[in-house]
Amino acid sequence: MRRITVFRIYLCALFLLSLPIVLAAAAAWQPPSQPKTAVIAHRGASGHAPEHTLSSYRLAARMNADYIEVDVRATKDGKLVALHDATLARTTNVETVYPHRSPWRVSDFSLRELKKLDAGSWFDPRFAGECVPTLDEVVRMLKAERVNVPLYVETKQPGIERAVARLLQKHGVLQRGSVMFQSFHPESLQALRPLIPRGVPLIQLVGEKEARSGRDELLQQIAVYADGIGLPLPAVTEEWVRAAHGRGLMVHVYTVNEPHDLARLCAMGVDGVFTDYPDRPGRIAACRRLPRH
Ligand code: G3P
Ligand code: CA
């Protein structure tokens with residue numbers, strides 16, 4: 001009888017002693033984290049500010065984007081600039097400043113000439129005076145403003161890979177977690193591979209027509225040299241996502257601005273969405289808490 005009482009007292013003491021540990025562990029317990037659907041600010045926060053301007057990138061960082069997308073092209077004198085189109089007519093006042101230089105291809109202008117252009121007013125007069133930034137200026141601005149958001153660089157033309165890698169290396173951002181690369185040009189990604197450290201992902205972008213012709217062959221090809229695929233929104237299905245994941249490929253989708261699409265894609269398990277409105281992913285946050293099917 002006496003032995004049982006001692007044993008009971010011993011058990012109680014043990015329980016009381018371990019209680020703080022149990023409570024602390026319970027408080028620290030986190031539900032297993034859902035794979036993250038990354039929010040990629042498409043051309044910066046291009047729904048709120050003129051695409052590919054320092055304002056657009058700054059805003060994307062303020063909106064907690066997971067990545068800032070930068071399309072990169074080269075000028076006539078080989079300077080790397082942040083610009084989507086091959087010509088300057090849509091996003092600058094080039095037709096006014098250089099009326100006789102149609103079709104105003106970026107590659108026909110030196111950086112000095114480009115710096116005379118206004119890349120903001122077309123979007124809204126509030127942004128008058130914004131210029132076409134160089135990739136160097138983009139990285140410097142983000143560093144100067146202590147913005148720690150990785151870049152998602154798209155090489156818009158083959159042949160600039162070495163210059164892009166050298167510039168990012170110079171700034172110490174050519175490393176895993178600081179940059180990711182994408183391109184519609186497979187040869188550009190293949191040229192990048194030997195220039196970048198292990199673990200820096202390469203994403204092969206595909207257009208809608210390509211996405212609709214022969215998914216498995218395409219994924220097989222891409223899996224040889226890339227770490228993921230960039231799919232246009234209309235082409236994305238659960239089968240695509242499953243097939244790509246089955247080959248160890250990430251799936252990023254462009255361009256997703258409607259909340260219902262954000263939620264749908266997140267529920268499908270896509271790994272990233274390009275959006276002009278990095279401030280809209282409330283649905284993604286909600287989706288992240290949902291169990292994945
Ligand atoms: O890179 C994803 C998406 O940006 C591709 O299309 O034309 O906007 O560069 P685009
Ligand atoms: Ca792009």
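Helices (H or I, at least four residues) and strands (E, at least two) are DSSP runs, numbered from the N terminus. This is a predicted model, in which local features need pLDDT of at least 70 and side-chain atom pairs count only at pLDDT 80 or more, while totals for chains, interfaces and linings use all residues. Residues are numbered from 1 along each chain as its sequence is written, chains are lettered from A and ligands numbered from 1 in the order in which they are written, and side-chain values use heavy atoms, without hydrogens or water.

**View 1**
Helix α5 covers residues 135-144. Its buried residues (under 20% relative accessible area; exposed is over 50%, partly exposed in between; 1.4 Å probe, protein chains only) are Leu135, Asp136, Val138, Val139, Met141 and Leu142. These buried residues pack against helices α2 (54-62) and α6 (161-170) and against strands β2, β3 (80-82) and β4. Arginine 146 follows α5. The phi of arginine 146 is positive, near 50°.

Aspartate 136 sits in helix α5. Its relative accessibility is 16%, so aspartate 136 counts as buried. Beyond its neighbours within four places in sequence, aspartate 136 is in contact (heavy atoms within 4.5 Å) with Leu167, Lys170 and His171. With lysine 170 there is also a polar contact, side chain to side chain, at 3.2 Å. Such a contact is a pair of N or O atoms within 3.5 Å; within protein, one must be able to donate a hydrogen and the other to accept it, and residues adjacent in sequence count only if both atoms are side-chain atoms.

**View 1. The calcium ion (ligand 2).**
Which residues coordinate the calcium ion (ligand 2)? They are Glu69 (OE), Asp71 (OD) and Glu154 (OE), at 2.0 to 2.4 Å. Donors are N, O and S atoms within 2.8 Å of the metal (3.2 Å for Na, K and Ca); water is not among the atoms, so sites may look incomplete. The spacing of the donor residues in sequence is E-x1-D-x82-E. Distant parts of the chain are linked here: glutamate 69 belongs to strand β2 (residues 67-74), glutamate 154 to strand β4 (residues 151-155), and the two are 85 residues apart. Glutamate 69 counts as buried because its relative accessibility is 2%. Glutamate 154, at 3%, is buried as well.

Why is strand β7 (residues 228-232) described as largely enclosed? Five of its five residues are buried, so the rest of the structure largely encloses the strand. In a regular strand the side chains alternate between the two faces of the sheet. On one side of β7 lie Gly228, Gly230 and Pro232, on the other Ile229 and Leu231, and all are buried. Strands pair if DSSP finds at least two bridges between them. Strand β6 (residues 202-205) runs parallel to β7 and is joined to it by three bridges. Here isoleucine 203 stands opposite glycine 228. Strand β8 (residues 250-254) also pairs with β7 in the parallel sense, over five bridges. Here isoleucine 229 faces valine 251. From β7 the chain passes through helix α10 (residues 238-246) to β8, a right-handed β-α-β crossover. Right-handed means that, with the strands pointing away from the viewer, the path from the first strand over the helix to the second runs clockwise.

**View 2. The loop between β1 and α2.**
Proline 50 lies in the loop between β1 (38-41) and α2. Buried or exposed? Proline 50 is buried, with a relative accessible area of 0%. Leaving out residues up to four places away in sequence, proline 50 touches Ser56, Ala119, Gly120, Trp122, Phe123 and Phe127. Proline 50 and tryptophan 122 are 72 residues apart in sequence, yet their C-alpha atoms are 7.9 Å apart. Histidine 52 is found in the loop between β1 and α2 too. Histidine 52 is not a glycine, but its phi is positive, about 50°. At 2% relative accessibility, histidine 52 is buried.

Asparagine 64 is in the loop between α2 and β2. Its phi is positive, near 60°, in a residue other than glycine. Asparagine 64 is exposed, at 62% relative accessible area. Serine 102 and proline 103 are joined by a cis peptide bond, with omega about 5°. Proline 103 lies in the loop between α3 (94-97) and α4 (111-114). Another cis peptide bond joins tyrosine 254 and threonine 255, with omega about -20°. Threonine 255 lies in the loop between β8 and α11 (259-268).
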